[in-house]
Amino acid sequence: MRRFFLPAGSLAGETITLTGAEAHHIARVLRLRPGRAVEFFDGHGSIVTAVLTDCDSRLVTATVTGRRRENLPTGAPLTLAQALLKGKKMDFIVQKATELGVHTLVPVRTRYCENRGDRDNQQERWQRIMIEACKQCHRAEPMRILPVTPLATLDPGAWVHRLAAWEGEQCTGLPATLAAAPPSPVCLFLGPEGGLHTDDLHTLGTMGFTTFSLGPRILRGETATLAAVAIVQYLTGSLRPVDPGEPA
């Protein structure tokens with residue numbers, strides 16, 4: 001069933017109204033027609049099922065047929081501190097981090113990272129990509145995307161586990177202790193295509209980050225990020241199947 005995002009407070013009535021880009025997307029891009037069942041979510045766990053009653057590119061209406069709550073994630077909240085990558089690779093990271101359940105994405109500026117582009121437009125584009133990914137993967141809680149942050153001003157205070165991928169690390173992998181209960185907040189730092197400058201390594205060390213390796217092969221920046229995120233999410237239980245016996 002198709003799912004669409006609406007801000008908190010927009011799902012209160014028995015009729016849902018959409019205008020602008022979302023209405024155009026439903027009526028002209030997806031070509032949905034009256035009588036089609038859809039879902040709406042508000043990012044806070046509220047899910048509404050509804051039937052489309054009018055589908056015009058300027059105005060779409062739907063009649064509510066049911067409401068429910070979806071549990072928000074209870075595992076270790078994962079923050080991905082991602083050094084800016086070139087081109088559209090950051091768009092890819094935003095999409096896949098959303099699908100993999102990353103709680104917060106912090107785009108980080110380091111010595112060798114990509115440092116061009118319109119930051120305001122970047123932020124808006126990343127938000128759109130994130131919401132579209134939430135719709136696709138049926139994620140009930142949107143991922144937080146913070147503004148681009150210089151590495152030196154990163155605030156590590158809330159993270160119990162601080163882990164940084166580094167191509168120069170030869171021995172240490174991601175720690176299996178991440179699987180210990182109860183889960184604790186994790187920050188995963190991934191560098192840019194150009195690698196980490198010695199100043200970056202020093203800064204990460206003063207913040208309490210431990211370096212780790214993803215193996216002997218040289219991975220592209222986006223590949224390393226997806227691999228590291230997937231491993232951490234598996235170890236902390238965030239990728240485990242949902243128990244059908246758990247309360248909704």
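Q: In which strand does threonine 79 lie?
A: This is a predicted model, in which local features need pLDDT of at least 70, side-chain atom pairs count only at pLDDT 80 or more, and totals for chains, interfaces and linings use all residues. Residues are numbered from 1 along each chain as its sequence is written, and side-chain values use heavy atoms, with hydrogens and water left out. Strands are DSSP runs of E of at least two residues, and helices are runs of H or I of at least four, both numbered from the N terminus. Threonine 79 belongs to residues 78–83, which form strand 6.

Q: Is threonine 79 buried or exposed?
A: Buried means under 20% relative accessible area, exposed over 50%, and partly exposed in between (1.4 Å probe, protein chains only). Threonine 79 has a relative accessible area of 9%, so threonine 79 is buried.

Q: With which side chain does the side chain of threonine 79 make a polar contact?
A: A polar contact is a pair of N or O atoms within 3.5 Å; within protein, one must be able to donate a hydrogen and the other to accept it, and residues adjacent in sequence count only if both atoms are side-chain atoms. At 3.2 Å, the partner of threonine 79 is the side chain of tryptophan 159.

Q: What kind of pair do the rings of tryptophan 159 and phenylalanine 209 form?
A: Rings of Phe, Tyr and Trp (its six-membered ring) pair if their centres lie within 6.5 Å; planes under 30 degrees apart count as stacked, over 60 as edge-to-face and the rest as tilted. Both residues, tryptophan 159 and phenylalanine 209, are buried. Their ring centres are 6.5 Å apart and the planes stand at 65°, so the pair is edge-to-face.
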